[in-house]
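Work through the exercises below with the sequence and the coordinates at hand. Each task is followed by a solution in steps.

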Amino acid sequence: MRTLNIIGAGRVGRACGRLWTKARVFEIKDVLTRSRASAAAAVKFIGAGHAAGNFDEMCPADVWMIATRDDAIVPSCVTLAGSGKIMPGNIVFHVSGATPSSDLKPARERGALIASVHPIKTFTDARLAAQTFPGTYCGAAGDRGALKMLKPAFAKIGARVLDINPELKPIYHAGGVFACNYLVALMEAALRAHEKAGMPRAASLKALEPMVRETVDAIFDNGPERALTGPISRGDVATVRRQRAVIGSWDAEIGELYRGLGLVAVALAESGRRIDAWRAAELRAALTKVIG
């Protein structure tokens with residue numbers, strides 16, 4: 001087995017480290033976090049490795065995984081590159097969806113191969129993430145030699161690794177933000193609208209749950225075009241115009257959210273032949289007309 005050191009063992013680092021240990025993919029050597037105590041907790045969870053207190057205590061390894069917060073990836077790589085621990089041919093990679101693998105350039109300058117492999121998954125709990133990791137898709141970019149080793153390593157713990165365009169990684173990551181983070185924000189907008197109309201938040205959440213779950217199932221069963229319902233899919237220009245005006249007068253930010261998502265929905269309905277070009281143009285006009 002190749003040896004692996006982990007820097008910044010948060011939920012992603014812990015979950016992957018645990019899975020790789022159980023599958024005998026890597027021999028976990030050293031784990032470095034903000035404190036020796038948290039490193040020791042990570043080692044206990046992973047089931048292997050040594051809790052390091054600083055870079056000086058870390059031994060050389062074949063592979064270095066940087067699993068820190070995004071803003072700590074480059075500083076960690078700079079420190080690692082300056083520590084003298086990297087040997088030519090080592091692999092240094094991170095698991096961020098937003099940071100390009102090229103930001104690991106200091107490690108490459110020391111002879112390492114660099115890459116990034118980002119699991120498209122919510123890691124709210126490391127134990128649960130490890131249990132549900134099989135089947136997780138990952139977006140990968142970086143040096144061919146690094147990916148040649150990393151792709152099978154992730155595949156052995158159940159991941160499905162896909163190549164992404166490294167130059168468009170911010171757009172790639174935004175896709176996950178829309179699907180996950182902004183879905184939460186969208187639900188908050190829905191709750192505020194119901195609350196404005198007199199419905200208690202708790203009741204609104206329960207009322208919306210079946211519809212939201214059915215919609216999500218429809219998206220993944222049939223695709224977004226067939227899952228789309230509501231006034232835009234029916235070409236109901238009058239309803240869209242009225243809602244846009246009332247919502248914009250009530251809350252400008254939510255009004256802009258309604259407008260922006262409405263334009264995406266119009267394009268979706270038109271491409272799915274739910275509405276014709278003439279009705280799509282009317283809907284766009286209703287959404288973009290200046291209010292006030």
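Predicted model: local features only at pLDDT ≥ 70, side-chain atom pairs only at ≥ 80, totals over all residues.

**Exercise 1. Give the strand order of the open sheet of 8 strands, and state which strands stand at the edges.**

Step 1. Read across the sheet, the order is β3-β2-β1-β4-β5-β6-β7-β8, and the pairing is mixed.
Step 2. The edges are taken by β3 (50-52) and β8 (160-163); each has a single partner strand, so one side of each lacks a neighbour in the sheet.
Step 3. On average, and with direction ignored, neighbouring strands are turned by 25 degrees against each other.

**Exercise 2. Describe how β6 is joined to β7, and find the residue opposite S116.**

Step 1. Strand β6 spans residues 113-119 and β7 spans residues 137-142.
Step 2. The two strands run antiparallel and are joined by 5 bridges.
Step 3. Opposite S116 stands A141 in β7.

**Exercise 3. Characterise the largest nonpolar core and the contacts of F93.**

Step 1. The largest nonpolar core holds 39 residues. Those with the most contacts inside this core are L4, W20, F26, M65, F93, F133 and F154.
Step 2. Helix α6 (residues 144-155) supplies the largest share of this core, 6 residues.
Step 3. Leaving out residues up to four places away in sequence, F93 touches L4, W20, V63, W64, M65, I66, L104, A115, L150 and F154.
Step 4. Another core, of 17 residues, lies apart from the largest one; I73, L104, A112 and I114 are among its members.

**Exercise 4. Locate R24 and R273, report the phi of each, and decide whether each is buried or exposed.**

Step 1. Most residues other than glycine have a negative phi.
Step 2. R24 is not a glycine, yet its phi is positive, about 55 degrees. R24 sits in the loop between α1 (11-23) and β2.
Step 3. The cut-off for exposed is over 50% relative accessible area. R24 counts as exposed because its relative accessibility is 61%.
Step 4. R273, also not a glycine, has a positive phi of about 60 degrees. The loop between α12 (252-271) and α13 (277-288) contains R273.
Step 5. With a relative accessible area of 78%, R273 is exposed.

Key: Residues numbered from 1 in each chain as written. Heavy atoms only, no water. Core = buried A, V, L, I, M, F, W, Y, C linked by side-chain atoms within 4.5 Å. Buried < 20%, exposed > 50% of the residue type's maximum accessible area, 1.4 Å probe, protein only. Helix = DSSP H or I, 4+ residues; strand = E, 2+ residues; numbered from the N terminus. Contact = heavy atoms within 4.5 Å. Pairing = 2+ DSSP bridges. Axes fitted to C-alpha atoms, helices over the stretch in contact; angles between N-to-C directions.
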